[in-house]
Amino acid sequence: MAYRDEKLNEEKVFKDPVHRYIHVRDRVIWDLIGTPEFQRLRRIKQLGTTYLTFHGAEHSRFNHSLGVYEIVRRIIENFRDQPFWDDDERLLCLCASLLHDLGHGPFSHSFEKVFDLDHEDYTRAIILGDTKVNEILRRVDENFPQDVADVIHKTYSNKLVVSLISSQIDADRMDYLQRDAYFTGVSYGHFDMERILRVMRPMEDQMVIKESGMHAVEDYIMSRYQMYWQVYFHPVTRSAEVILSKILHRAKELYLANEYEFKLKPMHFESFFLKEVSLEDYLKLDENVVFYYFHIWKEEEDAILSDLCRRFVDRDLFKYVEFDPGNQYRELMDLKECFTEAGVDPTYYLEVDSSSDLPYDFYRPGEEEERLPIHLQLPTGELKELSRQSDIVESISGKKRTDHKLYFAKDLIEQLPEESDIKKRIYEILKG
Amino acid sequence: MLEDHARLMAFFEQAQEVVGRKRLQKMVYILKKCGFDFSERYSFHFYGPYSEELSTRIEELCNLGFLDEAKEKEKGYYQYRYHLTDRGAGFLSESGVTTPNMDSVIQKMDEQSSKFLELVSTMLYFDNFSKEEIEDKVRTVKSQQNYTEADFEEAWRFISDMKH
């Protein structure tokens, strides 16, 4: 029997708190799960620093990847024998869904910003490079790794296949919303996925939703909106992200200055600092390794690096105030000067964080063909864009809420002498 | 701080006016590919390279009063017209962010249709492939656009011109 058709003698199941069970029958899927590159995802948290706000949020990208695979497996079961669906694409969809986040690194949001990396590039590199994952995919077919990479990269010729994993209502979002809600313990991320799966229909270029399922989709869109503001963009999590970025910047600055002797040489970071990251280097750096360095760096001679690492490890985060760049930009300039005068380096202890720093995928109704919207299929067969049918969705896809906060090390300001003018001035600006 | 916002405002200052969200997305992408320093991340979407980060940042600039967005009805569909406000220009001049001159590249893009910029940005998205592979990829992912040989030739000329 060809490897692509090989089934396990007995179905394997993973117990899962979100989907109850994740079912594996294909030998290829089972083999991919066992690769070192996929197992590495156990050591990368799905929500990065969110665990510092919601202590339950310790789940990994491994959990999520299995979850996306399971949702796609169920969608495909429903699609079988339906028009526009080609069951020859089944294994490709399953592999792409399982591997779609393979290139995520530790705390990828901050890492990617500081080191100018893109996890999608690494997903592709792992799938196409000299890895166990590639070895398994090539056993299916010589071109199969490229097809899997193309689906994840959203450039595969069959757009219906792409839309299962990446569209405005896809398996990726449906898993992470429910999983993140479960592990953070919030009540906002829940929606009736079973209902959505039942009303999904394959079309030539995308999945569409039977009109009768509109309310289930409304619920899904609302849960996206709530999870963004209540969980993903939580101001305390943003504070942790700010400190994490500052640590990486500081370590990089010290390393590149070539004058500082680290107590623990940042071997695992060197290629990141030098912008020469090989796939091997990339795969070696997971969150366990990062935490090891941060623990050791708490003892560094450099006061800024050691202080920032202590803050991150011990969760002594920056405080924040609301900030309006439109009206307070001059105050920000003054504040930077005051911090400098007070001996508190504003480069590391003062930061403005904006909603665009963590872009939320607002539901976009596809005006001017920015993104493909969700389409409802009316009983006549006609397709209508979701927000034209749903008042609820229309109301949250109108004017966008944006947000800016000013983060700073309040404890360092509090330590300034009570009578000092600079301390008073800083508080005046912050309260202003 | 807010340097990314300032860099976008510098683009609007030099462009004076940008009509169309899709056009805006493609212009910034092409500038980025020409080596101009924009931090917004792009990935491939149904209609070509698209940056959610850029869309959100534009919304922020509008909410802050730095950018004016006018929605206009045009031949049965809506389009958006953007220009930098006086307040935005004030912020930009105080931000201390220096940006290179993008005038000539912007001017070349202004002379082209959105459909053409969509073709160019999609070709640039695959720029790690060979010329033949790029054309094949574009034909695959944008099959509905029915780009002709002449379109590709013109796009290659444009890309070469932009990068020099």
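The points below take up the conventions, then each chain, then the contact between the chains.

1. This is a predicted model, in which local features need pLDDT of at least 70 and side-chain atom pairs count only at pLDDT 80 or more, while totals for chains, interfaces and linings use all residues. Residues are numbered from 1 along each chain as its sequence is written, and chains are lettered from A and ligands numbered from 1 in the order in which they are written.

2. Chain A is divided into domain 1 (3-232), domain 2 (235-311) and domain 3 (318-362 + 400-432), with bounds that come from an automatic or database domain assignment. Taken over C-alpha atoms, the centres of domain 1 of chain A and domain 3 of chain A are separated by 39 Å. The secondary structure of chain A amounts to 23 helices and nine strands, where helices (H or I, at least four residues) and strands (E, at least two) are DSSP runs, numbered from the N terminus.

3. The C-alpha trace of chain A spans about 80 × 50 × 35 Å along its principal axes. Its radius of gyration is 24 Å, which agrees with the value near 22 Å that a compact globule of 432 residues would have; the radius is taken over C-alpha atoms, and the globule rule is 2.2 Å times the number of residues to the power 0.38. Of the 432 residues in chain A, 44% are buried, a residue being buried if 20 or more other C-beta atoms lie within 10 Å of its own, exposed if 12 or fewer, and partly exposed in between, with C-beta atoms placed from the backbone. Of the contacts in chain A with a separation of 6 or more, 67% are accounted for by residues 24 or more positions apart; two residues are in contact if their C-beta atoms, placed from the backbone, lie within 7 Å.

4. For residues 61-177 of chain A, UniProt gives the feature "domain: HD" in an unreviewed entry. UniProt positions are given in the numbering used here, feature names are shortened, and annotations may be inferred rather than shown by experiment. In the model, that span, residues 61-177 of chain A, is 68% helix and 0% strand, and its end C-alpha atoms lie 13 Å apart.

5. Strand β1 (residues 7-16) of chain A is hardly covered, since the count of buried residues among its ten residues is zero. β1(A) runs antiparallel to strand β2 (residues 20-26) of chain A, and six bridges join them; two strands pair if DSSP finds at least two bridges between them. The two strands, β1(A) and β2(A), form a hairpin with three residues between them, and D16(A) stands opposite R20(A) in β2(A).

6. Two lysines in loops of chain A deserve a look at the backbone. Most residues other than glycine have a negative phi. K154(A), which is not a glycine, has a positive phi of about 70 degrees and lies in the loop between α8 (144-153) and α9 (159-165) of chain A. With 19 other C-beta atoms within 10 Å, K154(A) is partly exposed. K275(A) also has a positive phi, near 60 degrees, and is found in the loop between α14 (270-273) and α15 (279-284) of chain A; K275(A) counts as exposed, with 9 C-beta neighbours inside 10 Å.

7. Chain B has eight helices and five strands, which follow the pattern α-β-α-β-β-α-β-β-α-α-α-α-α along the sequence. Buried residues make up 41% of chain B.

8. Within chain B, strand β4 (residues 67-74) and β5(B) pair in the antiparallel sense over eight bridges, with R81(B) in β5(B) as the bridge partner of A70(B). These strands, β4(B) and β5(B), form a hairpin with two residues between them, and K75(B) in the turn has a positive phi of about 45 degrees.

9. Which chain gives 32 residues to the contact, and which gives 26? Chain B supplies 32 residues and chain A supplies 26 residues. On the side of chain B that touches chain A, the elements that each supply at least two residues include α2 (21-33), β5 (77-84) and α7 (131-141) of chain B. The largest share of that side, eight residues, comes from α3(B). The residues on the side of chain B that touches chain A divide into eleven nonpolar, ten polar and eleven charged, where Ala, Val, Leu, Ile, Met, Phe, Trp, Tyr, Cys and Pro count as nonpolar, Asp, Glu, Lys and Arg as charged, and the others, Gly among them, as polar.
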